[in-house]
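Subject: Structure handover

Hi,

Here is the structure I promised to pass on. Please load it before you read the notes below.

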Amino acid sequence: MHQHTKGDRTRRDRTTAGDGAPRARTTPDPAHEGRTDPVLREQAALTELLPAIPAQRTGPVRAAQPHAVSFPAAGAPRAPWWRQALRLLPTPAGTPFTFGYLLVLLATSLFARYGDPATVSSLLHGSSTDVAHLADRPLLVLGASALWIAGGPASGYAITFVVVLTALERRIGGPRTALVFLVGHVGATLATEVPVGISVAAGHLPATSLHRLDYGISFGLMAAIGALAGLLSPVLRVTVLGFVAMMLLQDLLAFTDPLTDWGHPLALLAGLACWPAVRRWARTASRMPDPV
């Protein structure tokens, strides 16, 4: 009688195939069943694969190369220049806030140019953010005053609005761009008009100072420029801020409209104060896919 030794790892049974030839059948040793060594498990998986089925071979091969990294092919074609230039323009999908706001500004500008002059004058005066209107209906005039462009759609403010707000919205998103714009528009308006009201109440200014024509997007635009500068490269940041500061200094020296001339640098400072927030928002937005 044959006795199996304790160290045997396999038992061989003789079976008869259809042609009568003996065939050896190998069974695992019970002493090693359930062994959890990952190397042995991987080797067992490799030996049990059917070579005729490629789908089975992909799993273990990938597991055996966990650190493989694929790189894009060298000399990959870049987007043509005209497609890169189009990113400076707002689109409904990529920059919905800037695109929708621009349509509103175009509509009001066309109405201001071709509409009834008496109606246009009445609307502009009703939208003015002077002290009298702010004391009577502040929310209405703060919103209505931002629906008009001083100088029309061909002015420098309109062109700068398109470029700056599009670039800012592509980096931080529409709602946050609107928030930066509102901070500059509302903050600079109140910072310039409230002192006027106080001076009139104290007798330092005449009562006519309570009524003036003040509307437009310039305060919100200055805040957007200041916020966008925090996301630019150092050289471009210094260039943009230096150019804007030179323009604001010229306005202050001319002093043709004191409230507006002081409101612009205040709005720019409000945008600069948003740097920590816009940089954090830009990092968050960079993890999301960029719509066209």
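A residue counts as buried when its relative accessible area is under 20%. Keep in mind that this is a predicted model.

Start with His-264, which lies in helix H12. Is His-264 buried or exposed? Its relative accessible area is 3%, so His-264 is buried. Beyond its neighbours within four places in sequence, His-264 is in contact with Tyr-157, Ser-218, Phe-219, Met-222 and Leu-248. Thr-192 sits 72 residues away from His-264 along the chain, yet their C-alpha atoms are separated by 9.9 Å.

Next, helix H10. Ser-218, Phe-219 and Met-222 are among the buried residues of H10, and His-264 is in contact with these three. H10 is mostly covered: 12 of its 12 residues are buried. Which helices cover them? The cover includes H8 (156-172), H9 (174-202), H11 (234-254), H12 (258-273) and H13 (275-285).

H10 runs over residues 218-229, which makes 12 residues. At 1.5 Å a residue it should span 16 Å, and its end C-alpha atoms are 16 Å apart, so the two agree.

Last, the surface. Leu-88, Ile-159 and Val-163 form a nonpolar patch there. Together they have about 270 Å² of accessible area. Val-163 lies in helix H8, and H8 is one of the helices that cover H10. Val-163 itself has 39% relative accessibility, so it counts as partly exposed.

Best wishes

Notes:
Residues numbered from 1 in each chain as written. Predicted model: local features only at pLDDT ≥ 70, side-chain atom pairs only at ≥ 80, totals over all residues. Heavy atoms only, no water. Helix = DSSP H or I, 4+ residues; strand = E, 2+ residues; numbered from the N terminus. Expected span 1.5 Å × (residues − 1). Buried < 20%, exposed > 50% of the residue type's maximum accessible area, 1.4 Å probe, protein only. Contact = heavy atoms within 4.5 Å. Patch = residues over 30% accessible without salt bridge, like charges linked within 9 Å, V, L, I, M, F, W, Y side chains within 5 Å. Areas by Shrake-Rupley, 256 points an atom, 1.4 Å probe, with all protein chains shown as cover. Salt bridge = Lys/Arg side-chain N within 4 Å of Asp/Glu carboxyl O.
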